[in-house]
Structures are given as structure tokens and as C-alpha cells.
Amino acid sequence: MIIFSKALADQATVWNALRAAEEAGEPVPDDMIRFSGETKPVVMWNITRRCNLACEHCYMDATDSSAEQLRLEEGIRLIDELAELKVPILILTGGEPLISRNFYAYAFHAKAVGLRTVVSTNGTLITPEVARLLKEAEIRYVGVSLDSCRPELHDQFRGVKGAFERALTGLKNAKEAGLKTGLRVTLTRDNWQEVPALLDMALEMGVPRFCLYHLVPTGRGAAIADRDVTPEERRSVIKFLAEAAMELKDEEIEILSTDSPMDGAYLLEMLRDDPEKRERVWQLLKNSGGCSAGLKVSNIDHRGDVHPCHFMPEMVVGNIRERSFRDIWIDNPSPELLALRDMRANLKGACGECEYLELCGGCRQKAKYYTGDLLGEDPTCIVADLKGASD
């Protein structure tokens, strides 16, 4: 996750906020966790595989089936353990999490045990009443996906006619209920030119967070890998977002990207003519850590299988029905987890030789998909070809 608005802002503001939380013995602010020294993972939990849409890029290959998902008592026990471990944030997702009959039980229990919780949703089910309940459950953030300003294109990508209007209505309902909201877009060749218009939409609606997701070839996303953007297109979008973050630094909006740690490396390339700012941004990105699979992020799917990242469903490092999350993640991590945590010492190709190794590392799932090697180079890098051209 590259938070352009924080990385390009006055760095003293970021460090002071982190220091103040540490000195007061309080949790790091939600929007600062990425830059903190926190090593307990943000946990993304797919509480259900069921979904009311059929998105072309779905990493989980969601269906209309609820088979195999954790029972309510198992989910409650998991929440208790995560609260006891003091993980920084729990992300409830799916499938579509609001479809789960256990969603509100989980959300209100997380509130009761003091676990900071956010929701990742397609937005189509957020009625005014749902929004009120989310607010009552003290959900910290509701991220809603919109992949185009054109309803027909969004609906085509999401697989259901009318999805655009329902998502837009859901986003408005969440905002009107007083919830912190975010607009999220998954970048493809079909919509990369719409990013400025989508950012304008977020600004017009008063949505305080704009998040760009990169296409990752896993689940159904593997079937549309050929619709990923070119390096030139990706660079143009990142350049736009970085410049927008600077122009809008006094506005109530946070601009970020995720699933592409090399965005930070490209940001540093953009700052080569400003060495002082480049050094400050470098230090923040180094603290952020680049690809955090198996370290700062964890995924638990609907069956209780634990993965290093939600984009690595084929890598199962344990199951919470059989062992505690603490045992899986902290006390007795698998060889796969240990390898990921030490990956920078073993990366191959351009990633292993890159000057940005300590703050990037590429996307390990993309490396695995395209090269067959988890430690191989990430061929979607937007910096390596630039450096090759300048050598």
C-alpha cells in the first residue's frame, strides 16, 4: 500500500503522529499503521465466499454458495483471539460480507472486544438501515468499489446490471450515516483513462479516500491477466495520483494505491530532482516495507485457512480450526511464512538486484504467476525498464 497523500505530505506530521501514539501508549492512528513499526498483521478475513455479483477479477472466485464457512462460534472465537493479540485492524470481506448471516454478530462482537474493524464491500447492499447499523457497530471505514464512471462498463466488469447505481447509492448512504468511506477502483486497460474522472467523483461526493487497486492474476483475475495495463499506462496513472496528492494536500481526501509496491519506487524516480524530499519519502516507504505478504498482512478465508496474503489462496500456512492464529502466525510459522519474511535476502532477477529492494520487493503473487517462482522477479515492474533504458 502506497499512501501518496502521507508520503508526499509534511513528513514531520507523520512522524509526530507516530511518536505521540507511542509515547501515550495508544494505538497508532488507522491511516498511519502502514508507516509504523507495527509487526502484528492487518488481518483480512473472508467471512463468506458468497457474493451477489460476478466480478471478472475476483481473487476469491466468489460464488453463491456458503458451504464450508466457519460457524458462528468459530468466528467469535477467532475475533476474541485477534483482539487478545491486539492486531491493528480486522478487515471483514468476502465474497460480499454483508450477505453473511453472521456479519452483524461479528461486527458487534469486534466492537465489544475493542477490535478496530473495517468493511470491504461492493456497496450494493448498503441501505440507510444497513449504514446505520454499520455506524452503530463502530465500523472504522467502508470501502466501496467503482470501476468506471460509465454505469454500463462498471456493470459489465461486476457481472450484474444495475450494480453501478446500487454501489453509488450504497456509498452515499454510508457517507450520510457518518461513516468514513472510500472509493476503490481496480485498474485495467478498460478503465485506466477514467481514473481522473473517478477521483473527481470522489471529491464531488466528499468521499475522503481514493484507493487504486492493481489487477492481480489470481482467482478469476488470472483469466483477464491480458487486460492488465502496460508499464507506460501504469506510470501515467501513478504520476497523476502523485501530482493530485500534492495539489489536494489541503483537501479532505487521502490518495493511495495497493497491490503494487513498485508504485513507491516509481514515486522515488519522480523525485530524483528533489533529493531532500526524495530522502524523506524513501525513509517513510522503507518503514512501510513494500510487499508485506506473510508479515504485516494476513488473510483468513471462509474455511479458516490462513494465507500470507489474500492474493495467495494456493498457499495455506495453517487452519484456525486446527491451531490458534497465534500458533500459525507467531509461535510456529510454516517454512513458507519464514521464507516470505526473509524474501529480500533471496529474491532473484531484477527484484534481487534493485536499488529499491528494501522498500519494494515486487508483488510476490505476480512473480509466482508469471515466472513460476515465488522469489522470481515481478515482470510488471514499472521501474526496471526505465533504469534499463537509462543505463
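Two strands pair if DSSP finds at least two bridges between them; strands (E, at least two residues) and helices (H or I, at least four residues) are DSSP runs, numbered from the N terminus. With that in hand, welcome to the tour.

The model is predicted, so local features need pLDDT of at least 70 and side-chain atom pairs count only at pLDDT 80 or more, while totals for chains, interfaces and linings use all residues. Residues are numbered from 1 along each chain as its sequence is written, and side-chain values use heavy atoms, with hydrogens and water left out.

**Stop 1: the sheet**

Select the strands to begin. There are 11 of them in an open sheet with mixed pairing, and their order is β1-β8-β7-β6-β5-β4-β3-β2-β9-β10-β11. At the edges stand β1 (2-3) and β11 (318-319); each has a single partner strand, so one side of each is left without a neighbour in the sheet.

Now zoom in on β1. Its link to strand β8 (residues 254-258) consists of 2 bridges, and the two strands run antiparallel. Pick Ile3 and you will find Leu256 of β8 standing opposite.

**Stop 2: a helix on the sheet**

Next, select helix α3 (residues 72-85). This helix packs on the sheet and touches β2 (42-46), β3 (90-93) and β9 (297-300). The direction of α3 makes about 175° with that of β2 (axes are lines fitted to C-alpha atoms, for helices over the stretch in contact, and angles run from 0 to 180 degrees between N-to-C directions).

**Stop 3: the core**

Show Trp45 with its surroundings. Counting heavy atoms within 4.5 Å as contact, and leaving aside neighbours within four places in sequence, Trp45 touches a list of residues including Leu70, Leu78, Ile91, Tyr106 and Ile300. Trp45 is also among the residues with the most contacts inside the largest nonpolar core, together with Phe4, Phe210 and Phe325; that core has 111 residues. Such a core is a set of buried Ala, Val, Leu, Ile, Met, Phe, Trp, Tyr and Cys residues joined through side-chain atoms within 4.5 Å. Buried means under 20% relative accessible area, exposed over 50%, and partly exposed in between (1.4 Å probe, protein chains only). In soluble globular proteins, nonpolar side chains tend to be buried together.

For a covered helix, select α10 (residues 262-270), where 8 of the 9 residues are buried. Among them are Met262, Tyr266, Leu267 and Glu269.

**Stop 4: salt bridges**

How many salt bridges does the model have? The count comes to 23, taking a salt bridge as a side-chain nitrogen of Lys or Arg within 4 Å of a carboxyl oxygen of Asp or Glu. Here are three to visit.

- Arg132 and Glu129 have their closest N and O atoms 2.7 Å apart. Both lie in helix α5 (residues 128-136), 3 residues apart, about one turn of the helix. Arg132 is partly exposed at 40% relative accessibility, and Glu129 is partly exposed at 41%.
- Asp147 and Arg158 come to 2.5 Å at their closest N and O atoms. This pair links distant parts of the chain, 11 residues apart: Asp147 is in the loop between β5 (142-145) and α6 (151-158), and Arg158 is in helix α6. Asp147 is buried at 2%, as is Arg158 at 6%.
- Glu194 and Arg150 meet at 2.7 Å, N to O. Glu194 sits in the loop between β6 (181-187) and α8 (195-205) and Arg150 in the loop between β5 and α6, so this bridge ties together parts that are 44 residues apart in sequence. Glu194 is buried at 10%, whereas Arg150 is partly exposed at 39%.

Then select Glu68, Asp301, Arg303 and Asp305, which salt bridges with shared partners join into one network.

**Stop 5: Arg344**

Go to the loop between α13 (335-341) and α14 (349-353) to find Arg344, partly exposed with a relative accessible area of 24%. A polar atom of the Arg344 side chain lies 2.8 Å from the backbone oxygen of Cys360.

**Stop 6**

Most residues other than glycine have a negative phi, and most peptide bonds are trans. Which bond joins Gly94 and Gly95? A cis peptide bond, with omega about 25°. Gly95 lies in the loop between β3 and α4 (103-112). Finish at two residues with positive phi: Glu138, near 60°, in the loop between α5 and β5, and Asp259, near 70°, in the loop between β8 and α10.

Terms used
A polar contact is a pair of N or O atoms within 3.5 Å; within protein, one must be able to donate a hydrogen and the other to accept it, and residues adjacent in sequence count only if both atoms are side-chain atoms.
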